[in-house]
Amino acid sequence: MAKNKLEETLNEANDELGLALSTIGTHAKENNKKAEEKEVTVKTQKLVNFRISEGLYDDYKKFFGARGISLSRAIRMWLDYGVNEVKSGHLEISEAGIRENALNKL
């Protein structure tokens, strides 16, 4: 009788452990899937086109090339810089253009 009670207790504990491990495994799989999806999004690139005169294109290409930076990389750098400056409140942007935040000068 004591042996059956012990076996029953062990079986219940085993079932609970199996359920807990299954839950952990499912959670880990979900986290891995999310991480993989994020990695694919980060690695996927989007081609962005915009119009610029040939003269400006040549000037910009020479300007950044002289500093060892491709025009494509320079554009991405300036976009990142601008977004960070607007988010931090140093610059303001609107349809009228980009300007320094006047409140920073007070």
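Author: Before anything else, helices (H or I, at least four residues) and strands (E, at least two) are DSSP runs, numbered from the N terminus. This is a predicted model, in which local features need pLDDT of at least 70 and side-chain atom pairs count only at pLDDT 80 or more, while totals for chains, interfaces and linings use all residues. Residues are numbered from 1 along each chain as its sequence is written, and side-chain values use heavy atoms, with hydrogens and water left out.

Reader: Okay, what does the secondary structure of the protein chain come to?
Author: The protein chain has three helices and two strands, and from the N terminus on these elements run α-α-α-β-β.

Reader: And how many aromatic pairs does a search of the whole structure find?
Author: The search finds two aromatic pairs, where rings of Phe, Tyr and Trp (its six-membered ring) pair if their centres lie within 6.5 Å, and planes under 30 degrees apart count as stacked, over 60 as edge-to-face and the rest as tilted. One of them joins phenylalanine 63 and phenylalanine 64, whose ring centres are 5.0 Å apart with planes at 85 degrees, so this pair is edge-to-face. The other is formed by tryptophan 78 and tyrosine 81, with centres 5.8 Å apart and planes at 85 degrees, so that pair is edge-to-face too.

Reader: Where do tryptophan 78 and tyrosine 81 lie?
Author: Both lie in helix α3 (residues 71-88), three residues apart, which is about one turn of the helix.

Reader: Is phenylalanine 64 buried or exposed?
Author: Phenylalanine 64 counts as buried because its relative accessibility is 12%, given that buried means under 20% relative accessible area, exposed over 50%, and partly exposed in between (1.4 Å probe, protein chains only).

Reader: Going back to phenylalanine 63, what sits over its ring?
Author: The charged end of arginine 67 does, 3.9 Å from the ring centre; a charge sits over a ring if NZ of Lys or CZ of Arg is within 6 Å of the ring centre and within 35 degrees of the ring normal.

Reader: New topic: how far apart are asparagine 32 and glycine 65 in space?
Author: They are 40 Å apart, C-alpha to C-alpha, and 33 residues apart in sequence. Asparagine 32 is found in helix α1 (residues 2-43), and at 48% relative accessibility it counts as partly exposed.

Reader: And where is the place of histidine 90?
Author: Histidine 90 is in the loop between α3 and β1 (91-94), and it counts as partly exposed at 40% relative accessibility. Histidine 90 and glutamate 100 are ten residues apart in sequence and 6.1 Å apart in space, C-alpha to C-alpha.

Reader: Last one: what does the C-alpha trace of the protein chain span along its principal axes?
Author: The trace spans about 95 × 40 × 25 Å, and of the 106 residues of the protein chain, 7% count as buried.
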